[in-house]
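Please look over the structure shown here.

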Amino acid sequence: MFRRPFSIPAWTYSFVFAIAVLILIVAVTGRGGTTTFLSALALVPYLVLVATGQMLVISAGPGNIDVSVASVISLAGYVSVAVATSTGSALLGVLAAVGVGLATALVSVLAITFASVPPIVATLASGLIVSAFTLSMSNGFSGTADPGLHAFVNAQVLGVPWLAILVLLFSIGVALMLAFTVYGRRLLAVGQARGAADYARIRPARVVASTYFISGALAGLTGALLSAFIAPSTDLGTDYLLDSIAVVVIGGTLISGGRAVPAGIWGGALFFVLLDSLLNLVGWSLAGQNILKGLLILAVLFLAGGLPRMGRRNRRSSPTDELVPAGALPTPVA
Amino acid sequence: MSETVSIRVRSTVSRRFPRGFVPRVAPAAITLVVMVVILLICTVMQPRVLSTIGLTLVFSSIVPIVFAALAQMTIMSVGDIDLGIGAFIGLVTGVSASMLKTSPLIGALILVGLVVAYAMVGALVQWRKVPSLIATLGASFVWLGIGLTFLPTPGGEPPQWLLSYAAWTPPLFPVPVVVVVVAVALVWLLTQRTGWGTQVRALGSNPIALARSGTSLLLTRMSAYALAGVLGILGGLALSGQIASGDVNASSDYTLVSVAAVILGGGTFFGGRAGVWGALFGASTLGLLTVLLTLLNLPSALQPAIEGAIVFLALAGRLVVEKVVK
């Protein structure tokens, strides 16, 4: 039977690039690698949370993407602070923030499911509606995050932020869910072949809708946590839209759906956060930082693009496969 | 009785139009209707909108969006998506308000270089099998960075010829409308009536067949990206002429707006189709919407919500009409 010469996990490259940037930082500044790594860990969990939702959406099949996360994070930041201030309960604030995400997802899902609106446009439009609320709320807004929540997001054990540990456990949970639960297998099945999943009596529309709700809830949660970590502002979530998509794809998740790589999100998020601190450290202007960031992303794509991908089971057919002689194609194994 | 009627209707429709014509054209037609309705509402509120000067004012803000939508349409016709077009147009306004004014030759060379750079992004996508979404996203950081190099803060001044173009208001016809229609007609000819255009659309619908016909996929994708780059440059020049300065961040929301415009005009994410006129109608609808919201004098915080709601309404209307047509 034909086998690829070797196969490596899809998340390898993201960690290789993250480590390369870490080494660069140590070389440039002479700071200890552990210190740099730990300070990056303070920012990584937020990106991982948003990107996990984004990954589930993207894995649900071609065209699925959630571009409303940035607006949701910004509004959720305000809502969580406002609710926590008026009720005195940080938990209620966080729940309200998650509610913001779910409500936004509901609007997107209704448009995607019942009006066949392409997801990128549906989530863009619901994001626009959300940002109108953000703008109205931000006028004369005065309020600070709940001190308990503020202490929670800054809590550390042996220098490691508690939040990073919790989010790591969450990521492991998501990975297990994708691999071993009926829901996880259904999600990947829908992403790989929606038509076939439909014949297998999986209801694709429901599975796809669920990913938007998860993504919305996670973006809302991130907004609540971020508002306690930084402070609520109208562009609290702006950077998280493009970064979450980039992190997911660099982590090895297929943009066409059907293959989700939760571990890669950690590699990708570390790569992005470390990259930002490297760019800050070299002391270049904003212009130089952006050029370097863009070129590094393109270089990563250039290097990773042609390299062998993960094992046979999850491999998707690509146009080049058609040019391979029929006998050389791998046969499916039961 | 009713069956005979419906059969008769169907046969007249099918006799009049080639197969597949109605479902293909319906979305763009509906968007055109929405566009005309918004224009009429604007006219009711401010009758001078329909005068030559009124149309010039209204459409001069729409011209850059139309170019962005045409660029996005070109990229989407090969089955890709461009998340960098907003940053790219901002970069062009930066070049226009700095180098193009002080040393026109170098400025022009920079613009040519930018088209080549756009083609290189296409080469990366084709050659390394990289998702276009992430490649253009990476490129958008580069565009933003280069733009900030030329113009760190908003300001500057575009060259005189661009300012005189923007200020040109002949009494007989609104210049921006003519510019838009000519540009769209040229892109339509290029994508629908040339061999190259057929190859570009084939790359989106069936790359294997295109490869077996002996066409270079790499060159086809690079040339499609180069056309998008040219359209982006025209959009950036139009924008800097309109705002009479440069601002690298002025067009950051063009990226998603251009995608929405193409979708409103009946485009798809799957490639193989180039809805040029649809992109024009989609972009004009979204642009006119901003004008209408300004005329309505709504609180600025509400404007994005109404934009979002109208996008939903237009697409829901399209769904209803598609059901009726079927």
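**Two chains in figures**

Tutor: Of the 334 residues of chain A, 48% count as buried, where buried means under 20% relative accessible area with a 1.4 Å probe, protein chains only. This is a predicted model, in which local features need pLDDT of at least 70, side-chain atom pairs count only at pLDDT 80 or more, and totals for chains, interfaces and linings use all residues. Residues are numbered from 1 along each chain as its sequence is written, chains are lettered from A and ligands numbered from 1 in the order written, and side-chain values use heavy atoms, without hydrogens and water.

Student: What share of the residues of chain B count as buried?

Tutor: Chain B has 326 residues. The buried ones come to 53%.

Student: How many helices and strands does chain B have?

Tutor: Helices (H or I, at least four residues) and strands (E, at least two) are DSSP runs, numbered from the N terminus. For chain B the count is 16 helices and zero strands.

Student: Why is chain B as compact as a globular protein of that length?

Tutor: The radius of gyration is taken over C-alpha atoms, and the globule rule is 2.2 Å times the number of residues to the power 0.38. For 326 residues that rule gives 20 Å, and chain B is close to this, so it counts as that compact, with a radius of gyration of 21 Å.

Student: In chain A, what share of contacts between residues at least 6 apart in sequence join residues at least 24 apart?

Tutor: Contact means heavy atoms within 4.5 Å. Among those contacts in chain A, the share is 77%.

Student: How many helices and strands are in chain A?

Tutor: Both kinds of element occur in chain A. The count is 14 helices and two strands.

Technical notes:
Buried means under 20% relative accessible area, exposed over 50%, partly exposed in between (1.4 Å probe, protein chains only).
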